[in-house]
Amino acid sequence: MYIEEIKKLKKEKNAVILAHFYQNDEIQDIADYVGDSLALSKVAASTDADIIVFCGVFFMAETAKLLSPTKKVLLPKANALCRMAAMADYDELLAYKKAHPDTVIVTYVNTRANIKALSDVIVTSSNAEKIIKNYKDKHVMYVPDKNLGLYLKDKLGYNIDVWPGFCYIHDLLTIKDVENKRTEFPNAKLLVHPEAPLEVLKKADFVGSTKQILDYATNDPFEEFIIGTDKGIIHALEKANPNKKFHLLSRGLNCINMKRITLEDLYISLRDEVHEIEVDEEVRKKAIIALDRMMELS
Ligand code: SF4
């Protein structure tokens, strides 16, 4: 029932539904666009829909609002929050900036708008490496994901400090997980998201964002893969590659907040236009400078 009603409402209200790869399968199936943070940001910035329904977590819907301030942006579940985003504290970052005025603040998209407003540039896991290369000779503070920051520091050899934040599902991955799955599936390649600890990333055959993992598995001649990111991506991997096999690196790869939105939530949110995202205009003006810089450099 919800599927038909959502489709009808979407047409009547000129709405677009965006869903992250980590969403529940049925949400991905009804979305107009399924993607990672970078792709969905680009859609949000360019859409001519009047309403953007963002099926993801709060910072994603908030980023869509930053990029499309005149649109109505809805997050179907108000308590879908990213735990990593909560690890970047505004007062702490402000104090750090004052103490280190020459440091470039490179901030992961997985942050609140007020953190973006303190930043020089925003990055996603798809474009972080490319963008950070523009700051080769600078001292960089990478906020808030220590794992992605340490991965880039190790790979590029740049002067990068990292904020002590992390994604709780990726940070739990261990060398033991890798050994167990390599033994269980000896013919599979291991593809891991850069939010995992460095020692796990060093054991991977490929390190990349969710979209990069999807593209890699689709284009690679191998037929079996161990996936080191949230289980939601398995749906897109299997749809794109019905003859290939995918195994999760760990059962813990399941972000609860990314799975909060149901079809019923989506229907009610669109029907009643509830859980609208609002952003303070002064914060938005500052945050958009860092987001625009990302768009230019990515
Ligand atoms: S998977 Fe990790 S980074 Fe993504 S929303 Fe969940 S807690 Fe945040």
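This is a predicted model: local features need pLDDT of at least 70, side-chain atom pairs count only at pLDDT 80 or more; totals for chains, interfaces and linings use all residues.
Mentor: Local features here need pLDDT of at least 70, side-chain atom pairs count only at pLDDT 80 or more, and totals for chains, interfaces and linings use all residues. Residues are numbered from 1 along each chain as its sequence is written, and side-chain values use heavy atoms, with hydrogens and water left out.

Trainee: How many aromatic pairs are there?

Mentor: The count is five, where rings of Phe, Tyr and Trp (its six-membered ring) pair if their centres lie within 6.5 Å.

Trainee: Why is the pair of F206 and Y216 called stacked?

Mentor: The ring centres are 4.4 Å apart and the planes stand at 20 degrees, so the pair is stacked; planes under 30 degrees apart count as stacked, over 60 as edge-to-face and the rest as tilted.

Trainee: What makes F206 partly exposed?

Mentor: Its relative accessible area is 21%; buried means under 20%, exposed over 50%, and partly exposed in between (1.4 Å probe, protein chains only).

Trainee: Which geometry do F225 and F246 show?

Mentor: This aromatic pair is also stacked, with 5.7 Å centre to centre and 15 degrees between the planes.

Trainee: Why is F225 called buried?

Mentor: F225 has a relative accessible area of 0%, so it is buried. F246, at 9%, is buried as well.

Trainee: How do you know that the charged end of R83 sits over the ring of Y168?

Mentor: It lies 3.8 Å from the ring centre; the rule requires NZ of Lys or CZ of Arg within 6 Å of the ring centre and within 35 degrees of the ring normal. K189 lies over the face of F222, at 4.6 Å from the ring centre.
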